[in-house]
Number of protein chains: 2
Amino acid sequence: MEKDISTEEKIKNAARKVFHEKGYGQARTRDIAEEAGINLALLNYYFRSKEKLFDIIMKESLQEMFGLIVNLVNAEDINLSDKIDMIVARYIDSISKNPNLPLFVLSEIQANPHKIIENVGLKGKSIANNFLFKQIQEQIDKKGIKGVTPLQIFINIVSMSIFPIVGKPLLMNLHAPFGEKEYEIFIEERKALIPQWIKMMLQIDE
Amino acid sequence: MEKDISTEEKIKNAARKVFHEKGYGQARTRDIAEEAGINLALLNYYFRSKEKLFDIIMKESLQEMFGLIVNLVNAEDINLSDKIDMIVARYIDSISKNPNLPLFVLSEIQANPHKIIENVGLKGKSIANNFLFKQIQEQIDKKGIKGVTPLQIFINIVSMSIFPIVGKPLLMNLHAPFGEKEYEIFIEERKALIPQWIKMMLQIDE
DNA sequence: GTCTATAGACTGATAGAC
DNA sequence: GTCTATCAGTCTATAGAC
């Protein structure tokens, strides 16, 4: 199935998988080479070093994690209620397909905050002053909700969507009996529940 | 300030710090020894190997993360509303003091699920059927709330409390201008807001 | 471009003196 | 118990053949 893609792409796919699973520290270039079905030397031929390969994967991973909802957040032709539905659905679907992504990004930043943020280009970008925040603020003002900011609501959306997926192994071991099937149902239920809860917080009536 | 504690304790404190920051893979035994102010050989004298030392720290970390609220969750003499307040406050305070803890635990489980769960004793324990879940279920039944389970609510409490602390570095870089001071206020606000939101979900009137 | 073989650096762990 | 010195293994990276 990966017959017609370039060697470079094969290595990147393998690197993404291994880095996401093990993290930079525990990932071995040999693992990546083996996973890609090529020789170790070839990895350095294409990417010069483990670190350079990592930087590329990290940059793409950040893109993957935030690019997901950037369009949605900034869209001016979608009303707040629909937008909440769509952000939750998109986050849960996307992270479910790539469950290691958030923990990879977050823990690498924790292990090496300066490097990731400076070298991989995250500096200066801001999520404040986007259209979604404006829509939330309008709703807060309209209903006279006290003490709530758009950022708080946004963090709630992200928290409630991502955390149960990030914590899947923990959840499946702590809440027995909880098999794959039960977990899937649990997440599917959340896809409907989270928007309801967010709208409750913002007093959006449907 | 650490004059009267044993060498063993000094090493454990150093190990906890280094492991929590860097994770197992990127932590070096030499870093731990230096942080503890002792020689590398002494680390192996007390703990035989990096892995054994890690297992001890991981066991304690899990204890730290869950032991926190076990008493609270099982307490039969605290009503649901107060319990929600206390769980949120305790989680936020404790994780704020030890912000690397959750990501350390979660990402090590991700990197090595079998090992952590089997070797470090997490198997068989269940959070279902505790008194908090019973209290939440009663409230759900009483109000006739549809489609919501105690587990969903519990995950919401944990998600909304932990995630903003875990994601602090990201948050502080993505939502400029956001300094230490602003972040502290943001978290302090959440301490009051999260219980309100949870009670909203459960239709608890105060 | 892709391989084998190996250099060179780092890391965990131990031997042995005190 | 604590140290210095060092080994043995592993890892990244490269040289060089094809």
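Chain B and chain A of this predicted model bury about 5100 Å² between them, of which 68% falls on carbon and sulfur atoms, buried area being the accessible area (1.4 Å probe) that two parts lose on being put together, summed over both. Within the area that chain B buries against chain A, Gln110(B), Phe163(B) and Leu174(B) supply 14%, more than any other three residues. The contact, defined by heavy atoms within 4.5 Å, takes 54 residues from chain B and 54 residues from chain A. Between chain B and chain A there are 18 residue pairs in polar contact, both residues having pLDDT 80 or more; a polar contact is a pair of N or O atoms within 3.5 Å, where within protein one must be able to donate a hydrogen and the other to accept it, and residues adjacent in sequence count only if both atoms are side-chain atoms. Zero salt bridges are found across this interface, a salt bridge being a side-chain nitrogen of Lys or Arg within 4 Å of a carboxyl oxygen of Asp or Glu.

On the side of chain B that touches chain A, at least two residues each are supplied by helix 1 (7-26), helix 6 (101-111), helix 9 (150-166), helix 10 (168-174) and helix 11 (180-201) of chain B, with helices (H or I, at least four residues) and strands (E, at least two) taken as DSSP runs numbered from the N terminus. Helix 9 of chain B provides the largest share of this side, twelve residues. By class, the side divides into 34 nonpolar, 14 polar and six charged residues, where Ala, Val, Leu, Ile, Met, Phe, Trp, Tyr, Cys and Pro count as nonpolar, Asp, Glu, Lys and Arg as charged, and the others, Gly among them, as polar.

Residues are numbered from 1 along each chain as its sequence is written, and chains are lettered from A and ligands numbered from 1 in the order in which they are written. For this predicted model, local features need pLDDT of at least 70 and side-chain atom pairs count only at pLDDT 80 or more, whereas totals for chains, interfaces and linings use all residues; side-chain values use heavy atoms, with hydrogens and water left out.

Within chain A, the domain assignment gives domain 1 (1-59) and domain 2 (68-202), and the C-alpha centres of these domains lie 29 Å apart. Ten residues of domain 1 are in contact with nine residues of domain 2, and the two domains bury about 950 Å² between them, 66% of it on carbon and sulfur atoms. Two salt bridges are counted between the domains; Lys115(A) forms a salt bridge with Asp55(A), with the closest N and O atoms 2.9 Å apart.

Around DNA strand D there are 17 residues, of which Thr29(A), Arg30(A), Lys50(A), Asn39(B) and Tyr46(B) come nearest, a residue being near a strand if one of its heavy atoms lies within 4 Å of it. Sugar and phosphate account for 58% of the atoms of DNA strand D that come within 4 Å of the protein.

Note on methods:
Domain bounds come from an automatic or database domain assignment.
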